[in-house]
Amino acid sequence: DICYAVLWRDFKNSKNQIMELILQCVMQLPHKIPFYGVLIGLINLEDEDIVKEFLNDSHSNLQDALQDGNCNSIRILFRFIAVLMCSKVLLPRSVVEAFETLLSSAATTIDEESGNPSWQPRADFYVSCICSSLPWCGLELFEQAPDDLERIMIGIQSYLGIRKHTSDHACSVFMLNEKKNLEEKDFLEDLWDRIQSCLRMGGKLTVPHLSFEVQLIDGQSHDFPLIKCPEQPQKVSTNSDISILKMKHEAKLAFPQRLHRLHIFPADKIENLQPIDRYVVEEYLLDVLFFFNGCRKECASYMVGLPVPFRYEYLMAETIFSQLLLLPQPPFRPFYYTLVIIDLCKALPGAFPAVIAGAVRVLFDRIAESDMECRFRLILWFTHHISNFQFIWLWDEWAHITNLPKWAPQRVFVQEVLEREVRLSYWDKIKKSIENAPLLDELMPPKVGSCFKFGTNDCNEKSEGRVLSAELSSMVKGRKTAREVTFWVEKSIITIHGLNFALVVVIQTLLNIGSKSFTHLTTLLERYGQVISKLCPDHEKQGLLIQEVSSYWKNSNQMTAITIDRLMGYRLVSSLVIVDWVFSSANVDQFHLKDLAWEVLRNAVNKTTNLMSDMRKEILSLEKSIVAAKDSEENCKVDLENAESKTLDVNGESPKGENPGRLKRLKSYLEKAKYHLTSLNESLEAKVALLARAVDENKALFLSLYRNFSVVLSQRLSDEAEIMTVDSEEPVSMETDQDNDKPTEGEGNEPKTVKYNISEREQWSRSTLGYAKAFSRQYASEILPHMELLDAEIFNGDVHPLFLKAVYDGLSRT
């Protein structure tokens, strides 16, 4: 009433602006759609014409969203028209017609003959839009148009009967038995069950229009213009598995599943929630997370103030973690969810921190069965989270992990968390933060990170190396040029001791000088990159370069990863060299014990794929600029021709009063336009050539990556019994062992220990296969264009079946 009264005072003078504002609020504050529906209903009582215009604008927005495939806008606008029907603004038949349009398009899409089943994700999304709107209008449709509602329900049921069940095996946070996973309902089936339960029980959401029913019933209901769904893409010309796989992947990218639920807490923690209530609150929370992604404090404020009559802290935590761990990618960077959780802990200090702590304990208990990508995200999230709370945590609760073998996932998790905490702070502070759990001291990273080969206290190295290193250090500190340093290296080191020794001296010395900070390192690489490039001209020497970096920073995972990343950024090492280093024997033995090799590999692949993505964007921008430049050139040419046609009369004489300088100016404009167009075309050609080179590098990178994966896995997955164990994907268990020599404190201060029932070889296999699956899933868009080549070179050869299964799971390939 108050909002309506305030708006009505200015309505006559600014009604168009007010209606436009309301539509913007609908799109950006969708959890308040019921209120805006009532507001439009009250306005409809006073001015039907402006509401008709408003409905036309809403229809235009919805039609544009359908054409563009804007999932959020489509879903929100369908919820809005459902609410408008409840507020007596729209006729029930208009809503039913909109639902039937979506349903008809969905059914056509999955039809084998007339449709394109590869685009089932779009069909599922359309049906989910109908289902997600029914909680707001289902009972009103039942009362006002029961036959129409029954027809819609039968149509949805028929669709669910002919669609293919979608398995979430590839995107499951926790390893599941495949048979069990296939038996579980997918997201659409679960939503449909919730809708049916809601309608059977006569459930009705507490929405604002119920308080205004007496007023709204007098309003004039309007028709909503018919909508039209876009045609689905044509089927691929060939029926090859790879072509279909590419199209399915494209459809999933265009219409991704919005939520993969994590059932972290027991059912009794979700207080007084009906099945449909859970879905509605999840929708509200996801909407707020989406529309306030750039305003985290406002996001937290809206999340704690949702218009629902019950507490939902546990559900809120589950929903945020579901987004943080969403596979293959969360909608936003994981750090965004970290900030939201921090702000929620501050907004609800009496409740939410305990909820988050409970979630951490549950996720920690299940870390052994977690997807490797999710495990990595949890490490990053937990590290950043506690760094914002003075690194305070009940570490003594986890002290028992020191009794576990070094390959146990829980132990590795804590070890990685402590290592990354040191990155965010400093060693002594983190050491002090775990003083209540002294047993964890053994998991702390080394305090001293660098290991300089030519230090004065190192008597094992030749004195020549120390002398040469000291001389080179003096030259660098004296700001000698790269050319001078290169000449000195060739004369004083290479000619006497050889290229390899020169490489060791130069790299160790430069790293030692640049070890003070990241800025020092970057400055040195920029200044003396040419020296390194001369010393490392080929694959072999670049491999030695990375070995020296690893040797110097063997006690600092952070600096190892940063230095290798910078070397690749300055094109001093190639991605292929990095892959070979990652799969060197020293690193392969550590695959299940530390994340360093995977971090370096992840950085290398990201840099390669991001380069291609940036180039494609630049090429697209250049193509648009060329179109504009051609138009500009054509306009200049037309202006010049028109001017020239007027300069001479029938006798060949210049007409009186014509400005001769104008022709010169127009010719100048035309020349500039031609030059600009030529310059753009040359830039486009250069970018296209660079993109082709980047694509070749990307292809070689994934060939090398999967070839190395295949080799190391084939070498270690030879025992048939182990194959059956690893392939079972059953959750691992922790057994209590009272006889172990290393006690921890449990309930009643009884000494107890835990025993991890997985061998080191089997844990290595689980971890490596998990990373093969995670990399395949994360970079599927870059891998699929090269799938034919990968099949021919690797996957159709003598590869281990478990490796093939991991890759196919990641690519959702059957």
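The legends below describe an overview and several close-up views of one predicted protein model.

**Figure 1. Overview of the predicted chain and its confidence.** The protein chain has 35 helices and 3 strands, these being DSSP runs numbered from the N terminus, with helices (H or I) of at least four residues and strands (E) of at least two. Residues are numbered from 1 along each chain as its sequence is written, and side-chain values use heavy atoms, with hydrogens and water left out. Because this is a predicted model, local features need pLDDT of at least 70 and side-chain atom pairs count only at pLDDT 80 or more, whereas totals for chains, interfaces and linings use all residues. The pLDDT, which is the predictor's confidence in each residue from 0 to 100, has a mean of 86 over the protein chain, and 89% of the residues reach 70 or more. Among the elements, helix α18 (residues 372-387) has the highest mean pLDDT (96), and strand β2 (residues 744-745) the lowest (38). Over residues 736-752 the pLDDT is below 50, and this stretch has 28 contacts in the model beyond near neighbours in sequence, a contact meaning heavy atoms within 4.5 Å. Of the 814 residues in the protein chain, 52% are buried, where buried means under 20% relative accessible area, exposed over 50%, and partly exposed in between (1.4 Å probe, protein chains only).

**Figure 2. The nonpolar cores and the surroundings of F321.** A nonpolar core is a set of buried Ala, Val, Leu, Ile, Met, Phe, Trp, Tyr and Cys residues joined through side-chain atoms within 4.5 Å. The largest such core has 152 residues, and those with the most contacts inside it are I22, I156, M303, F321, W395 and V414. Helix α5 (residues 71-86) gives the most to this core, with 12 residues. Not counting residues up to four places away in sequence, F321 touches L262, I264, I341, I356, A359, L363 and W381. A second, separate core of 86 residues includes I493, I513, M559 and A604.

**Figure 3. The buried face of helix α14.** In α14 (residues 296-303), the residues C299, A300 and M303 are buried. Seen down the helix axis, these residues fall within an arc of 95°, so they line one face of α14; the arc is that of the directions from the helix axis to the C-beta atoms. They pack against α13 (275-291), α15 (313-324) and α16 (334-347).

**Figure 4. T338 in helix α16.** T338 is buried, with a relative accessible area of 2%. Leaving aside neighbours within four places in sequence, T338 is in contact with W381, H384 and H385. L324 is 14 residues from T338 in sequence, and the two are 8.4 Å apart in space, C-alpha to C-alpha.

Figure 5. In α34 (residues 787-795), the buried residues are M787, L790, D791, I794 and F795. What covers them includes α12, α30 (660-716), α33 (780-783) and α35 (801-811).
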